[in-house]
Amino acid sequence: MTKHVIIVGAGFAGLNAAKKLGRMKDIRVTLIDKRNHHLFQPLLYQVSTAALSPADIAVPIRAVLSGYQNTSVLLGHVDRVDLPAKKLVMDGQDFTYDYLILACGAKHSYFGKNEWEGDAPGLKTLEQATEIRRRILLAFEMAEQEKDVEKQKKLQTFIIVGGGPTGVEMAGSIAEISRHTFAQDFKNFNPARTRVILIETGPRILASFAPTLSEKATEDLERLGVHVWTNSRVTNITADGVYIGNEFVAASTVVWAAGVAPTGVNQTLGVALDRGGRVIVETDCSLKDYPEVFVLGDQAHFPGPDGKPLPGLAPVASQQGKYAAKAIKARLKGQTIEPFRYLDKGAMATIGRNKAIAEMGPIKMSGIIAWLAWLVVHIYYLIGFKNRLLVFMQWAWSYLTYKKGARLILNKEWRTHTTPK
């Protein structure tokens with residue numbers, strides 16, 4: 001009898017699971033995602049800073065899975081899951097399953113201050129990336145024609161909230177384009193005077209890395225002209241700027257990179273969640289009372305060797321996706337497999353041109369060697385030869401010329417005719 005496996009989410013976990021289950025006999029796979037593309041999130045910041053175009057880091061889900069005859073793809077939003085009934089509801093329709101893989105990812109968390117999102121967009125989707133790009137490029141265009149010195153200073157001030165890899169990469173990239181890419185493009189103001197401020201609540205940025213690498217990254221950012229403010233807590237964000245404690249800093253563009261929260265589907269499951277809202281899973285990534293349901297990636301709380309939950313990184317999600325597919329195959333054969341163990345291959349963060357840090361077990365690297373390693377790893381993990389080639393060519397062009405290839409300001413309004421009231 002054919003078993004139905006539903007996978008929710010086509011991120012790193014969901015897509016890897018689908019590919020592993022593809023072409024397997026006696027299995028029918030349905031992959032559901034609210035978007036039609038798989039997104040390579042680690043390079044989203046390069047879209048937001050005009051280094052890459054959206055199509056360079058995204059690929060249609062159907063194109064990736066078109067060769068698997070047992071796999072169908074549906075575009076939709078999962079509203080809730082009924083675990084006892086083994087069904088989920090998507091846009092009002094019921095879908096039953098024999099096995100379920102939940103890999104819905106995460107969204108930004110504003111720690112109870114969701115009203116800040118309008119003035120400080122996060123960076124999880126292509127829509128957010130192109131909106132941040134629009135705000136960055138528009139700020140420079142407006143500064144070119146601004147006569148008031150204080151208003152021009154505000155337009156040239158960019159604040160990034162959160163000192164993790166995304167925040168660090170954003171800060172370094174904005175500093176680079178202002179001092180190199182835009183150096184000769186504007187005549188009425190000096191782009192090199194752009195002020196980039198990186199705000200971190202903790203005592204140091206990149207807290208998941210070794211202190212020596214964190215210190216090196218701070219030094220590299222400061223050489224680029226980034227102001228790194230640690231032990232600083234944001235208390236309010238408005239359209240005019242950011243409050244750090246009682247201090248106000250005027251800024252035209254604010255980017256949020258401070259925290260994430262799992263998808264709202266978790267709240268419909270009726271199972272144990274951790275303080276962050278992630279599902280607490282068993283050693284095989286399944287639910288305690290529902291072994292046919294696997295929860296992976298950012299959605300799950302899976303303790304690592306140190307007892308802390310595994311981080312929300314692409315390698316974690318990819319390995320869990322492959323493991324869940326392997327577990328389902330084993331069960332269909334009446335077999336069992338060993339508990340999931342994450343193979344930590346290390347972590348990387350790029351600061352700017354020839355500047356990066358990398359940590360792989362006892363090996364710690366920085367500078368151009370780490371930067372080259374970062375380039376190779378990210379090109380390797382991109383899906384599709386075309387995307388790898390395009391990104392490599394764009395990076396090569398940018399490196400040789402200091403030019404960016406996707407400097408487009410796209411307005412939200414698409415209509416050219418207004419309807420009279």
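A salt bridge is a side-chain nitrogen of Lys or Arg within 4 Å of a carboxyl oxygen of Asp or Glu. Side chains of opposite charge can pair when their charged atoms come close.

The structure discussed here is a predicted model, in which local features need pLDDT of at least 70 and side-chain atom pairs count only at pLDDT 80 or more, while totals for chains, interfaces and linings use all residues. Residues are numbered from 1 along each chain as its sequence is written, and side-chain values use heavy atoms, with hydrogens and water left out.

The structure holds 11 salt bridges.

| Salt bridge | Closest N and O atoms |
|---|---|
| E131 with R134 | 2.8 Å |
| K87 with D94 | 3.3 Å |

E131 and R134 both lie in helix α4 (residues 126–145), three residues apart, about one turn of the helix. Helices (H or I, at least four residues) are DSSP runs, numbered from the N terminus. E131 is buried, with a relative accessible area of 11%, and R134 is buried at 16%. Buried means under 20% relative accessible area, exposed over 50%, and partly exposed in between (1.4 Å probe, protein chains only).

R135 and E131 are four residues apart in helix α4, again a separation of about one helical turn. Salt bridges that share partners join E131, R134 and R135 into one network.

The remaining pair in the table is K87 and D94. K87 is partly exposed, with a relative accessible area of 22%, and D94 is partly exposed, with 48%.

Methods
Helices (H or I, at least four residues) and strands (E, at least two) are DSSP runs, numbered from the N terminus.
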